[in-house]
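User: I'd like to go through this model with you, one question at a time. Here it is.

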Amino acid sequence: MKDTVLLLLWMALWGLGGVWIVRRAFNLRANEELITGICVGLIFENWAANLAAHVFPEVTAFWLGAVIVLVTGLAFSIKDLREDWRKLFRFKVSLLQVLLLMGMVYVFYMLGRGLAILDDYQNLPVTSLLAAGEVPPRFALDPMVSFNYHYLVLLFSAQIMRIGDMYPWLALDLARSIGFSIGLIMTGLYVQRITWSKMAGVVAGVVAAFGGGTRWLMLLLPLTIPV
């Protein structure tokens, strides 16, 4: 229970900081601020944690990354702080978006939970190395070789693993489900913005879910069916 609370607190820090950043940095519609802020906060936090991990112990660096996002968001919102600090928390929260995000994260997490069907023979060792403070990571089978790979999702997984006290394969599945869900909703919001059509946004999200590959659809089949 304690680890879950810490994980949610860590996410709240960079999520809230991201919302504050996008409110001042971009000209967004009210229904776009929350998801866009979470997306920006997630990416910014990973970037900051990656840099901090070169200097500080891994868990300290992971928390520091979230705090950096929050403080940056406060810096962007200095005008609101001077006028009325309560303005910081006056942003539109779409209940439908929140439920959709939570539902998608749950579905995608449960679909791939612990199955390791993709390239996880590569990703799981790297996630463990990152969680142990090996930033940037080295190739798991040869420590003399630097692992020059785009490891944002793996670093996000490593942070979930350490802060939430999760197994690496479950942390990786959760990180993927969060990233995939945010990406699909962002796709829908972007298409809705340029077309002014909610239906077009929904269709774009569905197309994006299937357009990137359909290997995960096999997870919907019963285990008794050979594939």
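User: Which residue lies over the face of Trp196?
Analyst: First, a word on the source: this is a predicted model, where local features need pLDDT of at least 70, side-chain atom pairs count only at pLDDT 80 or more, and totals for chains, interfaces and linings use all residues. Residues are numbered from 1 along each chain as its sequence is written, and side-chain values use heavy atoms, with hydrogens and water left out. A charge sits over a ring if NZ of Lys or CZ of Arg is within 6 Å of the ring centre and within 35 degrees of the ring normal. At 4.0 Å from the ring centre of Trp196, the residue is Arg29.

User: Is Trp196 buried or exposed?
Analyst: Trp196 is in the loop between α8 and α9 (198-211); helices (H or I, at least four residues) and strands (E, at least two) are DSSP runs, numbered from the N terminus. Buried means under 20% relative accessible area, exposed over 50%, and partly exposed in between (1.4 Å probe, protein chains only). With a relative accessible area of 71%, Trp196 is exposed.

User: What is the phi of Trp196?
Analyst: Most residues other than glycine have a negative phi. Trp196 isn't a glycine, yet its phi is positive, at about 60 degrees.

User: Which peptide bond is cis, with omega near -5 degrees?
Analyst: As a rule, most peptide bonds are trans. Pro136 lies in the loop between α6 and α7. The cis bond runs from Val135 to Pro136.

User: What does Glu32 touch, leaving out residues up to four places away in sequence?
Analyst: Glu32 sits in the loop between α1 and α2. Its relative accessible area is 5%, so Glu32 is buried. Counting contact as heavy atoms within 4.5 Å, Glu32 touches Leu189 and Arg193.

User: How many aromatic pairs does the structure hold?
Analyst: Rings of Phe, Tyr and Trp (its six-membered ring) pair if their centres lie within 6.5 Å; planes under 30 degrees apart count as stacked, over 60 as edge-to-face and the rest as tilted. By that rule, the number of aromatic pairs is 6. One of them is Trp10 with Trp14, edge-to-face at 5.8 Å centre to centre with 80 degrees between the planes.

User: Why are Trp10 and Trp14 separated by about one helical turn?
Analyst: An α-helix has 3.6 residues a turn, so residues three or four places apart point the same way. Both Trp10 and Trp14 are buried, and together with Phe156 they form one aromatic cluster. The separation of about one turn comes from Trp10 and Trp14 being 4 residues apart in helix α1 (residues 2-25).

User: Which helices do the buried residues of α3 pack against?
Analyst: Helix α3 (residues 58-76) has 19 residues and reaches 27 Å from its first C-alpha to its last, close to the 27 Å expected at 1.5 Å a residue; that expected span is 1.5 Å times one less than the number of residues. Its buried residues include Phe62, Val69 and Leu70. They pack against α1, α2 (33-52), α6 (120-131) and α7 (152-164).

User: How many of the 20 residues of α2 are buried?
Analyst: α2 reaches 27 Å from its first C-alpha to its last, close to the 28 Å expected at 1.5 Å a residue. It's mostly covered, and the number of buried residues is 16.

User: How many helices and strands does the protein chain have?
Analyst: Along the sequence the pattern reads α-α-α-α-α-α-α-α-α. The tally is 9 helices and 0 strands.

User: What is the radius of gyration of the protein chain?
Analyst: It's taken over C-alpha atoms, and the globule rule is 2.2 Å times the number of residues to the power 0.38. That rule gives 17 Å for 227 residues, and the chain's value is close to it, so the chain is as compact as a globular protein of that length. The radius of gyration is 19 Å.
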